[in-house]
Amino acid sequence: MKSPLSLSTTCSLMCALLLGVGIAGTVQAHEAGHTHPVKAKAASHKVDFQLIRNATMKLTYAGTTFLIDPMLAVKGAYKGFDGTPRSELRNPLVDLPVPITDVLKADAIILSHIHEDHWDPAARYLVPRTMTIFTQDEKDAAKVREDGFTDVRVLTEEGLDFKGTRLIKTLGKHGSNHFFAVPQLAELLGDVMGIVFLRPNHPTAYVAGDTIWNKNVEDALARYQPDVVFLNTGYAQVNGFDGSIIMGKDDVARAYRFSPKASIVGIHMESVNHAMLTRQELRTFIDAQKLDKRRVLVPNDGQSYRF
């Protein structure tokens, strides 16, 4: 939830981060992919998904791979987020489950926003400067360009095409009105976006991003009728405030009922100090609500699915 530090303030981290690449590269927790049976509408081709860690994930359409919200540091590289629960813990809470060289095998990066748990100093250091990067607005694009990236593009609600896949910006809100009533917190939370992926004869995917459930989410679900919906369900909290700045378990049930033909995937859990919902708690809730576990997925870090 913090804005990223400038590169000049992160040089002291680089040795540790680079040494950590070798550590992360030794962890082989990647699970075999699964073909998911539930489809919202007929598609003759599949889309591959892999959860890396936290909100970092990969989607592959027709051989084109998108890396979304890369947080690439080793376990414990950064102090916990000030003013949030468990801030004594260091982030990320866990290491990468796959070698970082594999994580970086992508054709483009999409940044839903540039908080440190979505675009961290390690990613800013390790991503090639010529990588195509999509941002939510010119403000974020300017920040990314400051670090030397040369192909930075801004997504719009009308959409942009990239190698045959249309990328459409959707709106979101990083917390309810009582968070944004505090000017300092409102500035810190800032703007966020989701992304819809459209390609002929392929399933439609909707990555909601760091948003609470609101009309923006409902509008995106109703308009695009995605086959698969990715929700950031870690229920991240701020000290002194009720509720969360992203979604939680109740929102999984809302999405399940709002989009009865879509697969719902919960991510952004068990990786940063202020995300309080665990995978086991979400799975227990899914069982208690009698939600179809073929439709509601809670992947582990490194796990892959094919939709």
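Predicted model: local features only at pLDDT ≥ 70, side-chain atom pairs only at ≥ 80, totals over all residues.
How much space lies in the second largest pocket? About 230 Å³.

1. **The whole chain.** Let's start with the overview. The protein chain has nine helices and 15 strands. Of its 307 residues, 56% are buried. If you take the contacts between residues at least 6 apart in sequence, 68% of them join residues at least 24 apart.

2. **The pocket.** Back to the opening question: the second largest pocket, with its space of about 230 Å³, has a lining of 13 residues. If you want to find its centre on screen, look for Tyr235, Gly248, Lys249, Asp250 and Asp251, which lie nearest to that point. Sorted by class, the lining has seven nonpolar residues, four charged ones and two polar ones.

3. Seven strands make up an open sheet, and you can trace them in the order 8-9-10-11-12-13-14. The pairing in this sheet is mixed. As a reminder, strands of a sheet pair through backbone hydrogen bonds, either parallel or antiparallel. At the edges you'll find strand 8 (160-162) and strand 14, each of which pairs on one side only.

4. **Strand 12 and its partners.** Strand 12 (residues 228-232) runs parallel to strand 13 (residues 263-267), and five bridges link the two. One spot to check is Leu231, which sits opposite Gly266 of strand 13. Strand 12 also pairs with strand 11 (residues 205-207), again in parallel, through three bridges. Here Val207 has Phe230 of strand 12 as its bridge partner.

5. **Is strand 12 buried or exposed?** Five of its five residues are buried.

6. **Strand 7, for contrast.** Side chains alternate along strand 7 (residues 151-154). Strand 7 pairs with strand 6 (residues 132-135) in the parallel sense, over four bridges. Val154 turns up again here, as the bridge partner of Thr135.

7. **Helix 9.** Which residues of helix 9 (residues 279-288) are buried? They are Arg279, Leu282, Phe285 and Ile286. These residues are on the same side of helix 9, because they cover an arc of only 125° around the axis. After helix 9 comes Lys290, with a positive phi near 55°.

8. **Pro299.** Last stop: the loop between strand 14 and strand 15 (304-306), where you'll find Pro299. Pro299 counts as buried because its relative accessibility is 0%. Leaving out neighbours within four places in sequence, the residues in contact with Pro299 are Phe49, Leu51, Val265, Gly266, Ile267, Arg279, Arg283 and Tyr305. Also have a look at Ile52: Pro299 is 247 residues away from Ile52 in sequence, yet their C-alpha atoms are 9.7 Å apart in space.

Definitions and conventions: Residues numbered from 1 in each chain as written. Heavy atoms only, no water. 1 Å grid on protein atoms, 1.4 Å probe; cavity = no way out; pocket = protein on both sides within 12 Å on 5 of 7 lines; lining within 4 Å. Points joined across faces, edges and corners; volume = space filled by probe spheres on them. Nonpolar A, V, L, I, M, F, W, Y, C, P; charged D, E, K, R; others polar. Buried < 20%, exposed > 50% of the residue type's maximum accessible area, 1.4 Å probe, protein only. Arc of directions from axis to C-beta. Pairing = 2+ DSSP bridges. Contact = heavy atoms within 4.5 Å.
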